[in-house]
Amino acid sequence: MLVLAIANGALRQALFAKLVPELQAHQLSTLTGSIVIGGFIWLVIRKWPLSSNRHALMVGGMWLVLTVAFEFFMGLVLAGRPIQQVLSDYNVLAGRVWVFFLIWLTLAPRLFHKLNQRPNP
């Protein structure tokens, strides 16, 4: 997932950032990242089916925790950004949609687990 996220960020800088303002580039990048990561999660769940709804929610919760920890580590430690700047990516009222990606990341394993349980016609 990390490789896909980095590739999505590179796409954002190489393409979106040159065509649209920063906020729109952030929004487009969040959308493309959600689609790509969603596809990856679907493939993972198909390859290694989850045992239960609870297991699916635990996997999504773990991915959420790891993603937020990584984001804060990258922002605070590696980039040296102040906490207010790191937190600004979570401000939905300012048009920042990163929170929606985190919700998707958390719930996607449950959704794909449920879809995998449906009997084939």
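Student: How many residues does helix 2 have, and how far does helix 2 reach from its first C-alpha to its last?

Tutor: The general idea is that a helix here is a DSSP run of H or I with at least four residues, while a strand is a run of E with at least two, and both are numbered from the N terminus. The expected span of a helix is 1.5 Å times one less than its number of residues. In this structure, helix 2 has 26 residues and reaches 37 Å from its first C-alpha to its last, close to the expected 38 Å. Before we go on, please note that this is a predicted model, in which local features need pLDDT of at least 70 and side-chain atom pairs count only at pLDDT 80 or more, whereas totals for chains, interfaces and linings use all residues. Residues are numbered from 1 along each chain as its sequence is written, and side-chain values use heavy atoms, with hydrogens and water left out.

Student: How many helices and strands does the chain have?

Tutor: The chain comes to five helices and zero strands, so that, read from the N terminus on, its elements run α-α-α-α-α. Along its principal axes, the C-alpha trace spans about 50 × 30 × 25 Å.

Student: Which residues of helix 2 are buried?

Tutor: A residue is called buried under 20% relative accessible area, exposed over 50%, and partly exposed in between, using a 1.4 Å probe and protein chains only. Of the 121 residues in the chain, buried ones make up 28%. In helix 2 the buried residues are A25, H26, S29, T30, G33, S34, I37, G38, I41, V44 and I45, and what covers them includes helix 1, helix 3 and helix 5. In helix 3 the buried residues are A56, V59, G60, W63, T67 and G75, and they pack against helix 2, helix 4 (83-88) and helix 5.

Student: Which residues does H113 touch, not counting residues up to four places away in sequence?

Tutor: Contact means heavy atoms within 4.5 Å. With residues up to four places away in sequence left out, H113 touches I45, L50, S51, S52, N53 and A56. Under that rule T67 touches W98, L102 and L105, and L76 touches R81, P82, I83 and V86. For the chain, 65% of the contacts between residues at least 6 apart in sequence join residues at least 24 apart.

Student: How many residues does the largest nonpolar core have?

Tutor: In soluble globular proteins, nonpolar side chains tend to be buried together. A nonpolar core is a set of buried Ala, Val, Leu, Ile, Met, Phe, Trp, Tyr and Cys residues joined through side-chain atoms within 4.5 Å. Here the largest one has 13 residues, and I41, F101 and L105 have the most contacts inside it. Helix 2, helix 3 and helix 5 each give two or more residues to this core, and helix 5 gives the most, with six residues. Leaving aside neighbours within four places in sequence, F101 is in contact with T30, G33, S34 and I37.

Student: Which residues lie nearest the centre of the largest pocket?

Tutor: On a 1 Å grid over the protein atoms alone, where a 1.4 Å probe fits, a pocket is an open set of points with protein on both sides within 12 Å along at least five of seven lines, and lining residues have an atom within 4 Å of a point. The largest pocket is lined by 32 residues, of which A5, I6, F70, E71 and W98 lie nearest its centre. The elements giving two or more residues to this lining are helix 1 (2-19), helix 2 (22-47), helix 3 (53-78) and helix 5 (98-117).
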